[in-house]
Every structure is written in structure tokens, then in C-alpha cells.
Amino acid sequence: MIKLRRLERRYPLGKEKFFYVLRDINLDIEEGEFVSVMGPSGAGKSTLLHILGMHDSGWAGEYFLAETAVHHLKPKERATLRNEQIGFVFQQYHLLDDLTVYENLDIPLSYRRYSKGERAALVADMLDRFQIVGKKDLYPSQLSGGQQQLVGVARAIIAEPKLLLADEPTGNLHSSQGEEIMELFRKLNDEGMTIVQVTHSEKNASYGKRIIQLRDGWLVRENR
Amino acid sequence: MMNDLKFAFRQLRKSPGFAAIAMITLALGIGVNSAVFALINGAVLRPMVPLRANEVVRVFTARQNASHDYRQFSHAEYRELSQNGSEIFADLAADEFAIVGIGRDHDIRRSFAFLTSENFFSLMGVRPLVGRFYNAEECRPNANLQVVVASYGFWKRMGDGNDFVGSNVQINGRPYTVIGIAPEGFSGVSALVAPDVWLPLGVHAQLNSAFTGSGTLHDLDEPKNYTLNLIARMRSGLSVEMAKSRLPTLAHQVNSIQPSGFEGARDLQIQRPSRFSIANSPQDDGPITLVATLLMGMAAVVLFVASLNLANMLLARGTTRAKEIALRLALGASRWRIVRQLLFEGLLLAILGGALGLIISLWCNDLLLHSLGRLLASGSVNFSLIVNLHPNAFVLCITFLFCLIATVLFSLGPALTATKTDLVNDLKQQPGEPAGVGRFSRFFAPRHISVMAQIALSLMLLFSAGLFFRGALKASALNPGFVAAGGLVTELDFSLVKKEQPEARRLMFAAVQRARELPGVQSAALATMVPYGNFTYARRIMSMREALPTDPKVPDPGVSALFTATTPGYFDAIGVKLLRGRDFAQAEAENKDTTSVAIIDDEMARKLFPNTEAVGQHIRYTQPPKDGSPNDLIVVGVVSSHRHDVQNDTLNQPLFVPLAQVDTADVFLHVRLATKDRNAVVAFVPTLRRILRSIDPDLPVISIDPFADLLEKSVGLWVIRVGALLFGVFGAIALLLAVVGVYGVKAYAVARRSREIGIRMALGARRGDVFRLIMRQGALQTALAVAIGVFLSLSAGRVLAQILYEVSPTDPFALISASLLLATAALLACFFPARRATRVDPIVALRTE
Ligand SMILES: Nc1ncnc2c1ncn2[C@@H]1O[C@H](COP(=O)(O)OP(=O)(O)O)[C@@H](O)[C@H]1O
Ligand SMILES: [Mg+2]
């Protein structure tokens with residue numbers, strides 16, 4: 001599913017000097033895997049995830065996603081690929097405050113080729129599946145953190161991505177709420193979705209089948 | 001207080017960019033208002049009568065039939081009213097308007113003059129600045145004591161010497177002793193112009209020695225010499241209504257002293273003096289008051305738009321200062337204290353802006369006055385403009401009031417909003433939209449409502465400007481029906497020199513003859529009126545086929561005709577076609593005792609003789625000539641119709657008679673050259689002047705102008721153009737403010753929504769989607785605002801309809817172009833923030849450390 005070769009991300013630090021956030025990353029992730037990325041704060045985990053999610057394009061090296069050479073794609077092609085393949089979950093949920101739950105779920109669909117009817121059906125499905133039908137007209141501020149992240153996950157997968165990226169999805173949640181999300185991830189993974197999550201918690205990492213350790217931008221260890 | 005002010009200063013100095021933009025915005029808003037106010041104050045509000053103006057009225061007399069045939073008063077009537085009117089009038093004065101030639105030989109200037117009774121000044125409540133006003137003896141009819149009171153402006157122009165009083169000035173060829181100087185700004189009742197000199201009624205006969213417009217009556221004691229306007233001060237405590245109820249008795253008395261050949265019973269009327277016209281019938285200053293109100297209203301709209309704009313800036317600033325304000329609230333400052341502080345900042349801005357605005361307004365009004373002065377001076381009559389637009393205490397106070405109003409408008413709301421903040425939230429300062437507000441309420445957030453209001457109001461102003469521009473264009477493009485290019489107009493006024501009438505006549509015809517013989521001249525002729533000129537003379541005429549009604553109560557059946565006396569060749573000289581019949585013969589123009597003939601235009605022909613050929617028909621005046629000459633004219637020719645005025649369509653039906661039929665001293669010599677090239681026409685002026693001089697060095701040449709220039713200087717055209725200019729300035733300022741407002745709000749919105757934009761991009765939005773997101777909102781708001789603006793415009797059009805020129809108040813062209821212009825500008829103002837939104841980097845936007 002994912003193949004990284006000599007991937008590198010650096011920021012300029014004054015003249016001719018650079019700050020390396022990611023160095024020489026080589027990584028293979030198979031379709032259907034559930035991978036947890038761990039490491040101390042500032043190690044480059046989020047950076048890696050944003051690169052995988054194609055929010056960032058200032059990197060060097062090779063990145064293959066489902067056999068496509070992302071590094072050779074033009075921005076528009078990348079956006080198309082991303083919209084077909086990837087869903088993203090944020091630590092801070094990042095729901096839009098002035099949209100209802102229903103409308104938040106609809107956002108990703110509105111940027112993809114779905115007809116009106118398909119959109120309505122998909123949103124209804126998702127509300128059902130996450131058992132939040134009763135909350136569809138509420139605003140995010142009227143939900144608990146766990147419920148918000150539930151919406152966040154639903155929104156990430158509503159466009160039926162093959163790859164789900166989650167940056168500390170439970171970082172802002174109580175442990176019980178976190179568990180609910182993790183169970184959900186496991187179920188999604190069981191259904192065949194590839195998942196890459198960033199987490200600080202060993203327990204959450206244990207839901208995955210594989211852990212990647214990052215330290216100062218180096219991929220230091222892989223536990224299978 | 002002082003501390004608040006100091007602090008406010010420091011706050012502004014901290015953000016000079018904001019302060020500068022805010023000040024310019026306010027300067028435009030307040031400047032427009034104080035400019036318009038100064039204008040209105042100078043022309044409409046300033047009391048013209050220095051002493052208890054509400055007691056002063058004009059007195060009129062009209063025949064008691066439906067035609068309301070007004071005329072002025074005879075001196076006998078004036079005396080009668082003075083003696084018997086004490087029940088109503090505490091004082092009654094007579095005045096008469098005149099144009100006189102001041103100076104000698106080649107240096108004669110034509111000036112406005114007023115002849116008045118001795119009590120005119122005391123009635124108005126003024127004292128001489130220097131010297132004295134004239135006395136009763138000097139005002140006695142035919143006293144012919146040659147004394148003159150100079151106006152302040154005239155004295156200034158004559159070098160404001162200390163020995164001016166006591167010196168002599170030459171008026172219509174006779175020496176007059178200056179006995180006094182009127183105080184500055186005193187102009188009788190005219191709000192716009194002051195006469196150069198004031199003369200006692202006693203010189204009436206002498207001044208008008210050789211000629212008057214219509215008759216041979218020079219003697220003030222002659223009972224049929226109706227020439228005086230009356231102005232009265234009512235007895236104190238008497239209302240106009242009460243005074244009116246007592247008029248019939250007085251009218252009866254006046255009727256009883258009428259001479260034989262009495263024209264029917266007349267009544268008396270009183271009305272507050274008009275500020276803009278001198279006429280023998282009551283004049284309505286309503287249109288000017290309407291224009292003034294409209295101007296002030298439009299200016300107020302500009303100030304309102306500016307304030308809305310600034311309120312938005314302050315709202316945005318309030319959010320960026322929320323942390324500071326929250327901190328101060330947390331430290332124990334009362335809410336009122338902080339509101340007061342914010343209001344102080346607003347007031348400081350307003351006053352700085354207002355000061356800047358005042359400078360702008362002074363400068364603009366100077367330009368306007370300059371233009372007006374040049375225009376009026378070109379009428380070749382001298383006077384003093386008395387509109388004083390320099391800021392007096394009143395204008396300054398009002399400007400300060402505008403500042404206060406603006407402050408409350410723009411800074412109270414934001415101050416209250418800024419201090420209503422949630423302490424905890426603001427100390428944490430989570431950027432972004434407040435939670436759970438909904439798209440609908442965000443669309444109608446105060447700042448967006450404000451922007452939409454700005455767009456809607458700007459559209460209204462632009463549309464109004466559009467209407468006036470259309471009018472101005474139409475006026476310029478108007479086909480007057482005559483040809484001005486290639487024409488030269490020379491004004492000769494023999495009343496200014498001591499020439500007997502036969503001699504003057506001989507010189508007039510000699511001038512035409514010599515002009516005609518000049519190489520390059522196609523035709524030349526004399527006429528008593530010039531098209532688009534500022535003076536008109538009309539008489540009512542009717543077909544001979546219809547009977548003159550005998551019942552005096554029946555309305556005058558005649559048609560008003562612009563009355564011009566001409567010599568042969570006039571129509572060639574102004575480029576009007578003779579459609580049927582013939583031009584006047586030279587003998588008819590020179591000799592009064594030939595058969596009376598007339599020429600009319602085809603419009604008049606259609607009106608008087610709808611079904612028959614006009615040539616050969618007979619017409620008559622509805623008011624027979626007073627000298628008893630036969631009231632029967634044969635129409636000998638019909639010419640193509642042509643305009644006399646830019647403004648007035650009803651003033652276009654002329655009646656031409658041979659020059660010999662009138663006794664006039666003031667004539668226009670029209671010369672048509674073979675070339676239409678303006679430079680060639682201008683170059684011909686010295687030649688013509690030399691030729692005229694060679695006939696008689698004392699020939700009273702007032703002016704020689706290319707005909708085309710005279711048209712451009714027409715007051716009607718000027719008014720239309722100034723209207724277009726003023727409203728155009730309003731529209732342009734409003735447009736500018738609206739664009740700045742839209743841009744500011746959109747740029748601010750994009751900054752505030754950067755997190756949302758980042759999220760949307762992370763969820764799959766492409767640049768195009770983000771661009772559309774911002775533009776769609778802008779477009780929807782613009783569309784809504786334009787819709788409201790169209791509605792406002794059409795309402796404004798209804799009010800403007802009364803003063804528009806040849807444009808429908810719903811003119812679709814103006815409406816569509818104003819809407820398009822504004823919509824385009826607003827969308828352009830959205831475009832740049834929207835483009836900036838597409839450059840939001842999702843990673844940066846989503847980072848939350
Ligand atoms: N735009 C940037 N410019 C410079 N340094 C950056 C930028 N973005 C991230 N970094 C740095 O990259 C490092 C990795 O950040 P991040 O990937 O967010 O770490 P984490 O592993 O905690 O998610 C940090 O040291 C951060 O300061
Ligand atoms: Mg991180």
C-alpha cells in the first residue's frame with residue numbers, strides 16, 4: 001500500500017542550514033495493515049503523517065501509494081489520488097464549529113464526485129453505523145469530546161478511503177472514550193482498511209499489528 | 001479625561017496604518033458633509049434679513065382672475081400702501097432691479113444695481129459700514145440727486161480706499177457721489193449675489209433715460225409706470241396668516257386709486273421673500289430647498305457608509321485586542337471605563353478625520369465657488385458673490401457634530417461588543433469563530449450586514465450619480481436646433497452710454513452692415529435675446545381667430561412666447577432654417593410704421609394653427625400694447641424650432657418681430673463665419689472689435705464671445721453639470737468606501753477562517769473549492785446587497801425625479817451600469833482575499849501549539 005524510500009523533510013534554518021525533521025525514511029506498509037507510529041514529542045510523527053496524507057509536499061525522496069509514484073505527481077493529481085485513497089483523523093477533531101454533525105460529515109463528499117442522492121445516503125449510513133442519528137442536527141460544541149472524535153472518524157472514512165491516517169486520535173480523550181475509538185479502528189481494520197495512527201499510548205499501539213518508532217527524524221526501530 | 005486622551009493617542013500611534021485608513025475614511029465622510037453643509041448654510045440657511053427675518057415679506061399684486069396676471073407696483077400704489085397699510089406693515093420699502101454701466105469711456109463695466117426707497121436699509125436692519133444711506137429727499141421721484149451707496153464687494157474691488165466715500169463714480173455716463181458703503185455680506189434678499197451699487201429711487205428716470213425694455217415710461221410719478229417691487233416688515237406680533245386676512249381691505253384701497261383705463265380689480269398677496277429670484281410674482285424656493293435637502297441627505301449617507309466601514313475596522317481590531325481588554329477587565333477595570341476608553345479613541349479618530357475633512361471641504365468649495373464666479377462673470381454683468389463658504393463658528397460646530405455622530409455610529413457598537421467578551425475564552429485566546437453559530441448567522445454577522453448595507457447605500461449613491469451623469473450627457477449632446485459653431489455673439493448695451501435713441505439705432509444697423517461686409521462673414525443680424533442666455537422675455541399671444549374673452553375672471557387664453565426682436569438674416573446667423581414664408585424685410589426692421597409682421601417656429605405654428613397653414617394668419621397679444629399701437633400681427637414666416645434653454649422644454653416657442661417694433665438699448669449682434677473652426681472664430685474676435693470701434697469709438701461693446709462658449713456657460717448647463725459632479729463625487733467616495741469595506745471584511749474573514757480552510761483542504765478541498773467558498777459567500781452577499789440597493793435606488797429616484805434632467809428616475813441604463821460597477825468592484829474586493837485563502841497551508845492552519 002505504502003512504500004517510502006529515502007524520504008526526507010527539512011526546514012531552512014537561516015542561510016544554507018537546514019533543520020531535518022525526517023531523514024532517510026524507508027518504510028513499507030502492506031494493504032490491510034494497522035500501524036502505530038510512536039516516539040517522543042517533536043520526533044516528526046505528525047510531519048510523517050501529513051506527508052502520507054499529502055497535506056505537505058515539501059519533502060524529498062520517493063513515496064509510492066498503491067503503486068502510484070506520488071513524487072512524480074502534479075499537485076492536482078495528488079489531490080485526486082488523496083481524495084480517492086485517504087481519510088484523516090485529527091487529535092483536535094477539527095470539526096467545523098458552525099456546521100452541524102450532518103454537515104460536517106458531508107464536507108468530504110462535497111469535494112468528491114458524489115451525486116446529491118449518494119451523499120445523503122452515505123451520510124445516513126454513517127450516522128446509523130456510528131449510532132449518532134439523534135445528534136445529526138447538533139453543533140460540535142454540543143457534543144462531548146468522545147462524540148466529537150466519533151464524528152471525526154466518521155467524517156474521515158465516509159468517502160470510503162483505503163488508507164486511514166490518524167494523528168493522536170485519542171490524545172484529547174478520556175481512556176474509556178479512547179478505547180471506543182480504538183475498538184472502532186480495529187473493526188475498520190478487520191474490514192480491510194489500512195490504518196496508520198500516531199499514538200503515545202502503548203495500550204493504543206497494541207491495537208495495531210506493528211509499531212514504528214521515530215526519534216529526531218530517524219526511523220529507529222520496527223516491532224512487528 | 002486627559003489621561004484617556006493621552007492613552008487614546010498612544011493606541012493610535014501604535015497602529016499608524018489603521019489610524020491613517022480610519023482617518024481618511026472619516027475625512028471623506030465628514031468632509032463631504034461639512035462641504036455640503038457650508039454650501040447650504042451659505043446659500044439656503046443663512047438669514048438674508050439681518051433683523052427679525054420672520055417679519056419680512058414681499059408684497060405682490062395680481063389681477064383678480066384666474067390668469068394671475070402679476071405686475072409690479074407704481075410709485076403711487078407704493079405711497080398708498082405705505083400710508084394706509086400701517087395696520088399690517090410696520091414699514092414698507094420699494095426696490096427695483098437694474099443693470100447699469102459703471103465707469104467711463106472704454107472702461108465701462110456692467111453691474112447689478114438696486115434702486116430702493118430710503119427706508120429699505122432700515123427695514124432690513126442694516127447700518128452703513130461707512131458714511132450714510134440715502135434720505136427721503138434723494139428718493140423722491142425725479143429728484144435726480146446723483147448719490148450712490150456702494151456695496152462692500154464693490155468698494156473692495158475699487159481698492160477699498162479710505163477716501164472712497166465722497167469720491168465720484170460714473171454711472172450710465174453721469175457722475176454719482178459715493179455717500180456710503182453697505183456692510184459686508186449685505187445683498188438685500190438675494191442669497192447668491194449682491195449688487196455693486198445701491199441707488200435712490202429718485203434717479204429712476206435719469207438712469208433709464210433713453211430706453212427701457214418695453215415702453216416710454218420713465219417718470220416714476222407716472223401712474224402706469226409699474227416698476228417697483230415691494231418689501232415689507234409686518235407689525236411685530238403679526239403672523240403671515242393674520243396679515244393675509246387683512247390684505248383685501250388694503251387691496252380695495254389700492255384699486256380705488258387706479259388711473260383711467262383701469263385693467264380690472266387686483267388683489268394683494270404677501271409671501272416670504274425668495275432667496276434666489278427677483279420677480280413680480282411669488283416664487284417658490286422649494287426646488288432649491290429640495291436640492292439642498294437631497295444633497296445633505298446624500299452626504300449623510302456617505303458619512304453613514306464611512307461610519308459602517310470604520311465600525312467594521314474597529315470590530316476587527318476589537319477581536320485582536322480582545323486579549324488586552326479581557327486582561328484589563330480581569331484586573332478590575334469597569335466595563336464602562338473600557339467602553340469610555342474605546343469611545344475616546346473613536347472620538348479622537350473622528351476629530352482628526354474631521355479636521356482633515358474640513359480642509360478637503362474648504363478646498364472643494366473654493367473650487368465650486370470659483371467655477372460659479374467664472375460662470376456668472378461671463379454673463380458680462382458685475383456683482384459680488386456673497387456666498388461665504390469659509391468656516392464660521394456655525395459650520396465648525398456642525399462639523400464637530402458630524403464627528404460626534406460618526407463616533408457614536410462607528411465606535412459604540414464595537415466598544416460594547418469588545419467588552420462583552422468571555423473572560424476565560426479570551427485569556428486563552430482561541431482563535432476562530434465562536435462555536436455553534438451556524439452558517440446562517442455567520443452570513444448575517446454584524447460585519448457582513450454592515451458591508452451589505454455599505455454596498456446597498458453605495459449603489460443608491462452611484463445610481464443617483466448615474467442619473468445626473470445621464471442628464472449631463474443628454475444636456476451636452478442636446479441638439480439645440482441652431483448651430484453654435486462658427487457663430488460670434490457681441491453684446492451692445494446703449495443704455496450705458498449717453499446716446500439718443502435714433503443715434504443708437506443708426507449705430508446698431510451700421511454695426512450689422514459693417515460686420516456683414518467683412519470677408520469671412522456669412523451673415524450678421526441683431527436680436528434682443530440670445531438663445532441659452534440668462535435673461536428671457538416672454539409675451540402671451542393667441543390666434544386672431546379666437547375671441548379675446550371679455551370676462552376678466554377667465555384665464556388668459558394665450559400661449560407664452562419667447563419674445564425676440566430681430567433684423568433680417570437672424571435665422572441664417574444662428575443657423576435656423578426658414579421653413580415657409582419669408583424673413584423680415586430690412587424696411588420692417590428699420591421702420592416702426594410698417595404693417596406688423598411676425599415669424600414663429602413650427603412648434604408654435606402647430607399650437608396656434610393646428611389645422612391650417614400658419615403663414616398669412618393673424619395673431620395678437622393677449623395684453624395689448626400699452627402705447628395703443630394696433631394689436632394685430634401677420635405671420636409671414638415659419639422657422640424650424642430650436643431651444644432657448646437646456647432645462648426647460650416649455651420655453652421653446654418663440655415669437656419674432658422686427659427690431660423696429662421694440663425700443664431696446666441692449667442688443668446682440670450675431671455674426672456667422674464661413675468657418676466652424678473654434679480657433680478661427682476666436683481669432684476673429686479682435687478683427688470684429690476693431691471694426692466695431694471704427695464705427696464709433698464709444699460703441700458700448702459689452703462682450704464678444706464665440707456662440708459655442710456662451711452655450712457652455714449657460715447657467716442651466718452648469719447646474720446640471722455641477723449636479724452630476726456633486727453626486728458623482730458622492731458616488732465615487734461611496735464606491736471607494738464600499739470596496740475598502742468589502743476588502744477589509746473579506747480579508748479579515750479569510751484570516752479568521754484559516755483553520756476552517758485548512759480543515760477543508762485536509763478533507764479534500766482543492767484550491768478551486770476554497771476559492772469558490774469565499775467567493776460564493778461574497779457573491780451571495782453582494783447579490784443580496786445589490787438587490788436591496790436597487791430597491792433603495794428606485795426609492796431615491798422617486799425623490800430625485802423632480803430635479804432630474806431628461807432622465808427617467810428608473811433609468812435602466814443608470815441602474816444596470818451602477819449595479820454592474822458596484823458588483824464588479826465588490827467581487828474584485830473579494831477576489832484578492834479569496835485568492836489568499838487558496839494559499840492557506842493546511843499544516844500551518846491545523847497546527848495548534
Ligand atoms: N514549519 C516548520 N518549520 C520549522 N520546523 C518545524 C515546522 N513544522 C514542524 N517543525 C519541527 O519539526 C519537528 C517535528 O514536528 P512534529 O512532526 O509535529 O512532531 P511530533 O512528533 O510531535 O508530531 C518539531 O521539532 C517541529 O518544531
Ligand atoms: Mg504531533
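Biologist: How do the residues of the shell around ligand 1 divide into nonpolar, polar and charged?
Modeller: This is a predicted model. The shell includes A:Pro40, A:Gly42 and A:Lys45, and B:Arg847 is also listed in it. By class, the residues divide into 5 nonpolar, 5 polar and 2 charged.

Biologist: Which element gives the most to the shell around ligand 1?
Modeller: Two elements of chain A give two or more residues to this shell, strand S2 (18-29) and helix H1 (45-52). With 3 residues, the one that gives the most is H1(A).

Biologist: How far is a polar side-chain atom of A:Ser46 from an oxygen atom of ligand 1?
Modeller: An oxygen atom of ligand 1 lies 2.9 Å from a backbone N or O atom of A:Gly44. A nitrogen atom of the ligand is 3.4 Å from a side-chain N or O atom of A:Tyr11. For the polar side-chain atom of A:Ser46, the distance to a ligand oxygen is 2.7 Å.

Biologist: What volume does the largest cavity have?
Modeller: There are 11 cavities of 30 Å³ or more. The largest is lined by 13 residues, with B:Leu314 and B:Arg321 among those nearest its centre. Its space comes to about 140 Å³.

Note on methods. Residues numbered from 1 in each chain as written. Chains lettered and ligands numbered in written order. Predicted model: local features only at pLDDT ≥ 70, side-chain atom pairs only at ≥ 80, totals over all residues. Heavy atoms only, no water. 1 Å grid on protein atoms, 1.4 Å probe; cavity = no way out; pocket = protein on both sides within 12 Å on 5 of 7 lines; lining within 4 Å. Points joined across faces, edges and corners; volume = space filled by probe spheres on them. Near = heavy atom within 4 Å. Polar contact = N/O pair within 3.5 Å; in protein donor to acceptor, adjacent residues only side chain to side chain. Helix = DSSP H or I, 4+ residues; strand = E, 2+ residues; numbered from the N terminus. Nonpolar A, V, L, I, M, F, W, Y, C, P; charged D, E, K, R; others polar.
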